[in-house]
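Subject: Structure handover

Hello,

Here is the structure we talked about handing over. Please open it alongside this email; my notes follow below.

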Amino acid sequence: APVAGFAWRDPEAGGEASMRWYREAVGMDGGNPDAGQRERLLRYNEDDVRATYALRERMSGPAATVPYVGDL
């Protein structure tokens, strides 16, 4: 997605981090549910969808003109 010009809003964004945020958001490890982590997780998930869109746009636009290896 960064190659397509997309950047996540959270500098710590990533799959492993999102799992930690989820555990904290729902209080999975025995703590109280953390509404701040819930919001953080929702922003991250929104960004993941936007990243997928950015990649699809890139692959349907400029990248669509790149020839297949077999055509070279």
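I start with Arg9, which is partly exposed at a relative accessible area of 47%. In these notes, buried means under 20% relative accessible area, exposed means over 50%, and partly exposed is in between, with a 1.4 Å probe and protein chains only.

Before going further, some ground rules. This is a predicted model, in which local features need pLDDT of at least 70 and side-chain atom pairs count only at pLDDT 80 or more, while totals for chains, interfaces and linings use all residues. Residues are numbered from 1 along each chain as its sequence is written, and side-chain values use heavy atoms, with hydrogens and water left out.

Salt bridges

The structure holds eight salt bridges, a salt bridge being a side-chain nitrogen of Lys or Arg within 4 Å of a carboxyl oxygen of Asp or Glu. Arg9 is paired with Asp47, and their closest N and O atoms are 2.9 Å apart. Asp47 is in helix α2 and Arg9 in the segment before α1, so this pair ties together parts that are 38 residues apart in sequence. Helices here are DSSP runs of H or I with at least four residues, numbered from the N terminus.

Another salt bridge joins the side chains of Asp10 and Arg40, at 2.5 Å from N to O. Because Asp10 lies in the segment before α1 and Arg40 in helix α2, the pair ties together parts that are 30 residues apart in sequence. Both Asp10 and Arg40 are buried, and the relative accessible area of Arg40 is 17%. Leaving out residues up to four places away in sequence, Arg40 touches Asp10, Glu12 and Trp21, where contact means heavy atoms within 4.5 Å.

Asp29 and Arg23 form a salt bridge as well, with their closest N and O atoms 3.7 Å apart. Asp29 counts as exposed at 62% relative accessibility, and Arg23 is partly exposed at 30%.

Helix α2

Helix α2 covers residues 35–60. At 1.5 Å a residue, its 26 residues should span 38 Å, which agrees with the 38 Å between its end C-alpha atoms; the expected span is 1.5 Å times one less than the number of residues. At the start of α2, a side-chain oxygen of Asp34 comes to within 2.8 Å of the backbone nitrogen of Gly36.

Which residues of α2 are buried? They are Gln37, Arg40, Leu41, Tyr44, Asp47, Ala51 and Ala54, and they pack against α1. An α-helix has 3.6 residues a turn, so residues three or four places apart point the same way.

The segment before α1

Ala4 is in the segment before α1 (15–26) and counts as partly exposed, at 24% relative accessibility. Not counting residues up to four places away in sequence, Ala4 touches Ala54, Leu55 and Arg58. Ala4 and Ala63 are 59 residues apart in sequence, and their C-alpha atoms are 9.8 Å apart in space.

Tyr22

Tyr22 lies in helix α1 and is partly exposed, with a relative accessible area of 38%.

Regards

Conventions
Helices (H or I, at least four residues) and strands (E, at least two) are DSSP runs, numbered from the N terminus. A polar contact is a pair of N or O atoms within 3.5 Å; within protein, one must be able to donate a hydrogen and the other to accept it, and residues adjacent in sequence count only if both atoms are side-chain atoms.
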